[in-house]
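Welcome, and thanks for taking a look at this one. Here is a short briefing on a few side-chain pairings and on one helix and its surroundings.

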Amino acid sequence: MSRPATKTDLIQAAEEQFDKMWKLVDSMTPEERNADFHFGENVKMKEAHWQRDRNIRDILVHLYEWHQLLLNWEKNNKKGLAMPFIPAPYNWKTYGQMNVEFWKKHQSTSYEEAREMLLDSHRKVMELIKNYSNEELFEKKHFSWTGTSNLGSYCVSATSSHYDWAMKKMKAHLKSYRDSQKKG
(Lines give C-alpha, C1' and ligand atoms only; values in the text may rest on other atoms or scores of the structure.)
Protein backbone atom coordinates (compact mmCIF):
# COMPACT_ATOMS: atom_id res chain seq x y z
CA MET A 1 0.00 0.00 0.00
CA SER A 2 1.41 3.38 -0.97
CA ARG A 3 1.57 6.21 1.54
CA PRO A 4 -1.76 8.10 1.59
CA ALA A 5 -1.67 11.53 -0.07
CA THR A 6 -5.36 12.45 0.11
CA LYS A 7 -7.91 12.62 2.91
CA THR A 8 -9.89 9.73 1.40
CA ASP A 9 -6.79 7.55 1.14
CA LEU A 10 -5.71 8.48 4.66
CA ILE A 11 -9.06 7.53 6.17
CA GLN A 12 -9.22 4.30 4.17
CA ALA A 13 -5.63 3.27 5.02
CA ALA A 14 -6.02 4.10 8.70
CA GLU A 15 -9.27 2.16 9.06
CA GLU A 16 -8.10 -0.81 6.99
CA GLN A 17 -4.79 -1.15 8.83
CA PHE A 18 -6.48 -0.70 12.21
CA ASP A 19 -9.01 -3.41 11.35
CA LYS A 20 -6.26 -5.74 10.10
CA MET A 21 -4.31 -5.18 13.29
CA TRP A 22 -7.31 -6.07 15.46
CA LYS A 23 -8.07 -9.15 13.37
CA LEU A 24 -4.50 -10.26 14.03
CA VAL A 25 -4.78 -9.55 17.77
CA ASP A 26 -8.19 -11.24 17.97
CA SER A 27 -6.84 -14.30 16.17
CA MET A 28 -4.37 -14.88 19.01
CA THR A 29 -5.05 -17.18 21.89
CA PRO A 30 -5.02 -15.53 25.33
CA GLU A 31 -1.65 -17.20 25.91
CA GLU A 32 -0.22 -15.70 22.70
CA ARG A 33 -1.65 -12.27 23.54
CA ASN A 34 -0.20 -12.28 27.04
CA ALA A 35 3.12 -14.01 26.39
CA ASP A 36 6.35 -12.09 26.69
CA PHE A 37 8.21 -11.50 23.45
CA HIS A 38 11.33 -13.59 22.78
CA PHE A 39 13.01 -12.60 19.56
CA GLY A 40 16.37 -14.09 20.45
CA GLU A 41 19.50 -12.75 18.83
CA ASN A 42 17.96 -11.87 15.47
CA VAL A 43 20.43 -9.48 13.83
CA LYS A 44 17.63 -7.94 11.76
CA MET A 45 15.96 -6.67 14.93
CA LYS A 46 18.48 -4.07 16.08
CA GLU A 47 16.11 -1.12 16.61
CA ALA A 48 15.48 -0.18 20.25
CA HIS A 49 11.77 -1.06 20.09
CA TRP A 50 12.60 -4.76 19.70
CA GLN A 51 14.04 -4.66 23.20
CA ARG A 52 11.60 -2.11 24.67
CA ASP A 53 8.22 -3.63 23.86
CA ARG A 54 7.83 -6.97 25.59
CA ASN A 55 4.23 -7.96 24.92
CA ILE A 56 1.11 -7.02 22.94
CA ARG A 57 0.00 -4.58 25.65
CA ASP A 58 3.24 -2.64 25.22
CA ILE A 59 2.53 -2.23 21.51
CA LEU A 60 -1.05 -1.10 22.15
CA VAL A 61 -0.04 1.52 24.71
CA HIS A 62 2.73 2.75 22.41
CA LEU A 63 0.15 3.35 19.67
CA TYR A 64 -2.15 5.01 22.20
CA GLU A 65 0.59 7.37 23.39
CA TRP A 66 1.44 8.40 19.82
CA HIS A 67 -2.24 9.12 19.24
CA GLN A 68 -2.08 11.34 22.32
CA LEU A 69 0.93 13.18 20.88
CA LEU A 70 -1.02 13.91 17.68
CA LEU A 71 -4.23 14.89 19.47
CA ASN A 72 -2.50 17.19 21.98
CA TRP A 73 -0.23 18.75 19.35
CA GLU A 74 -3.15 19.53 17.04
CA LYS A 75 -5.40 20.81 19.85
CA ASN A 76 -2.79 23.14 21.36
CA ASN A 77 -1.54 24.51 18.05
CA LYS A 78 -5.08 25.05 16.81
CA LYS A 79 -5.67 27.15 19.96
CA GLY A 80 -2.55 29.17 19.15
CA LEU A 81 -0.38 27.55 21.82
CA ALA A 82 2.68 26.83 19.67
CA MET A 83 4.28 23.52 20.57
CA PRO A 84 6.32 20.91 18.71
CA PHE A 85 4.94 17.45 17.96
CA ILE A 86 7.53 15.84 20.24
CA PRO A 87 7.14 17.53 23.64
CA ALA A 88 10.10 18.88 25.62
CA PRO A 89 12.47 17.72 26.89
CA TYR A 90 12.48 15.36 23.88
CA ASN A 91 12.99 16.00 20.18
CA TRP A 92 13.23 13.97 16.99
CA LYS A 93 16.76 12.87 17.94
CA THR A 94 15.78 11.75 21.45
CA TYR A 95 12.22 10.49 20.99
CA GLY A 96 13.42 6.95 21.70
CA GLN A 97 13.86 8.00 25.32
CA MET A 98 10.31 9.36 25.28
CA ASN A 99 9.09 5.99 24.04
CA VAL A 100 10.85 4.31 26.97
CA GLU A 101 9.06 6.70 29.34
CA PHE A 102 5.74 5.74 27.71
CA TRP A 103 6.66 2.09 28.25
CA LYS A 104 7.50 2.68 31.92
CA LYS A 105 4.30 4.67 32.46
CA HIS A 106 2.15 1.74 31.36
CA GLN A 107 3.73 -1.22 33.09
CA SER A 108 0.71 -1.50 35.38
CA THR A 109 -1.80 -0.96 32.56
CA SER A 110 -3.64 -4.20 31.79
CA TYR A 111 -4.08 -5.58 28.29
CA GLU A 112 -7.83 -4.88 28.56
CA GLU A 113 -7.22 -1.26 29.57
CA ALA A 114 -4.70 -0.83 26.76
CA ARG A 115 -7.18 -2.23 24.27
CA GLU A 116 -9.94 0.17 25.37
CA MET A 117 -7.57 3.15 25.45
CA LEU A 118 -6.38 2.45 21.91
CA LEU A 119 -9.87 1.87 20.53
CA ASP A 120 -10.92 5.23 22.00
CA SER A 121 -7.83 7.14 20.86
CA HIS A 122 -8.11 5.74 17.31
CA ARG A 123 -11.72 6.96 17.19
CA LYS A 124 -10.61 10.43 18.33
CA VAL A 125 -7.80 10.56 15.76
CA MET A 126 -10.22 9.58 13.02
CA GLU A 127 -12.59 12.36 14.13
CA LEU A 128 -9.68 14.81 14.00
CA ILE A 129 -8.83 13.72 10.45
CA LYS A 130 -12.44 13.96 9.29
CA ASN A 131 -12.67 17.54 10.59
CA TYR A 132 -10.04 18.77 8.13
CA SER A 133 -10.29 19.30 4.38
CA ASN A 134 -8.01 17.55 1.94
CA GLU A 135 -6.09 20.82 1.45
CA GLU A 136 -5.69 21.36 5.20
CA LEU A 137 -4.34 17.83 5.57
CA PHE A 138 -2.05 17.58 2.57
CA GLU A 139 -1.03 21.05 1.44
CA LYS A 140 2.53 21.65 2.66
CA LYS A 141 2.90 24.54 5.11
CA HIS A 142 -0.90 25.01 5.23
CA PHE A 143 -0.49 25.46 8.98
CA SER A 144 2.55 27.25 10.35
CA TRP A 145 2.82 24.66 13.13
CA THR A 146 3.42 21.75 10.73
CA GLY A 147 6.72 23.25 9.61
CA THR A 148 7.80 22.17 6.14
CA SER A 149 5.49 19.16 6.25
CA ASN A 150 1.71 18.81 6.30
CA LEU A 151 -0.80 17.68 8.90
CA GLY A 152 -1.69 14.61 6.85
CA SER A 153 1.82 13.20 7.06
CA TYR A 154 1.66 13.33 10.86
CA CYS A 155 -1.73 11.60 10.73
CA VAL A 156 -0.40 8.87 8.43
CA SER A 157 2.53 8.30 10.77
CA ALA A 158 0.27 8.05 13.83
CA THR A 159 -2.20 5.70 12.11
CA SER A 160 -1.63 3.42 9.12
CA SER A 161 2.18 3.52 9.20
CA HIS A 162 2.27 2.87 12.93
CA TYR A 163 -0.31 0.09 12.59
CA ASP A 164 1.90 -1.54 9.95
CA TRP A 165 4.83 -1.37 12.38
CA ALA A 166 2.69 -2.93 15.11
CA MET A 167 1.54 -5.80 12.90
CA LYS A 168 5.10 -6.63 11.82
CA LYS A 169 6.10 -6.84 15.44
CA MET A 170 3.04 -8.90 16.39
CA LYS A 171 3.64 -11.32 13.51
CA ALA A 172 7.27 -11.74 14.56
CA HIS A 173 6.07 -12.47 18.10
CA LEU A 174 3.54 -15.04 16.88
CA LYS A 175 6.11 -16.81 14.73
CA SER A 176 8.63 -16.91 17.58
CA TYR A 177 6.01 -17.99 20.13
CA ARG A 178 4.53 -20.72 17.93
CA ASP A 179 7.98 -22.00 16.95
CA SER A 180 8.94 -22.25 20.62
CA GLN A 181 5.68 -24.13 21.39
CA LYS A 182 6.47 -26.68 18.67
CA LYS A 183 9.92 -27.26 20.15
CA GLY A 184 8.55 -27.10 23.67
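**Salt bridges and a covered helix**

K175 and D179 pair through their side chains in a salt bridge, with N and O 2.9 Å apart. Please keep in mind that this is a predicted model. The search of the whole structure turns up twelve salt bridges, and a few of them are described here.

**The pair in α9**
- Both K175 and D179 belong to helix α9, where they sit four residues apart, about one turn of the helix.
- K175 is exposed, at 54% relative accessible area, whereas D179 is partly exposed at 26%.

- Salt bridges with shared partners link D120, R123, K124 and E127 into one network.
- K124 bridges to D120, and their closest N and O atoms are 3.0 Å apart.
- Because K124 and D120 are four residues apart in helix α6, about one helical turn separates them.
- R123 bridges to E127 with a closest N to O distance of 2.7 Å, and these two also lie four residues apart in α6.
- K124 is partly exposed at 37% relative accessible area, and D120 is partly exposed at 29%.
- R123 is partly exposed at 40%, and E127 is partly exposed at 40%.

**Helix α8**
- Is helix α8 mostly covered or mostly open? It is mostly covered, with seven of its eight residues buried.
- The buried residues include Y154, C155 and V156.
- Among the elements covering them are α1, α4 and α9.

Conventions
Residues are numbered from 1 along each chain as its sequence is written. This is a predicted model: local features need pLDDT of at least 70, side-chain atom pairs count only at pLDDT 80 or more; totals for chains, interfaces and linings use all residues. Side-chain values use heavy atoms; hydrogens and water are left out. Buried means under 20% relative accessible area, exposed over 50%, partly exposed in between (1.4 Å probe, protein chains only). Contact means heavy atoms within 4.5 Å. A salt bridge is a side-chain nitrogen of Lys or Arg within 4 Å of a carboxyl oxygen of Asp or Glu.
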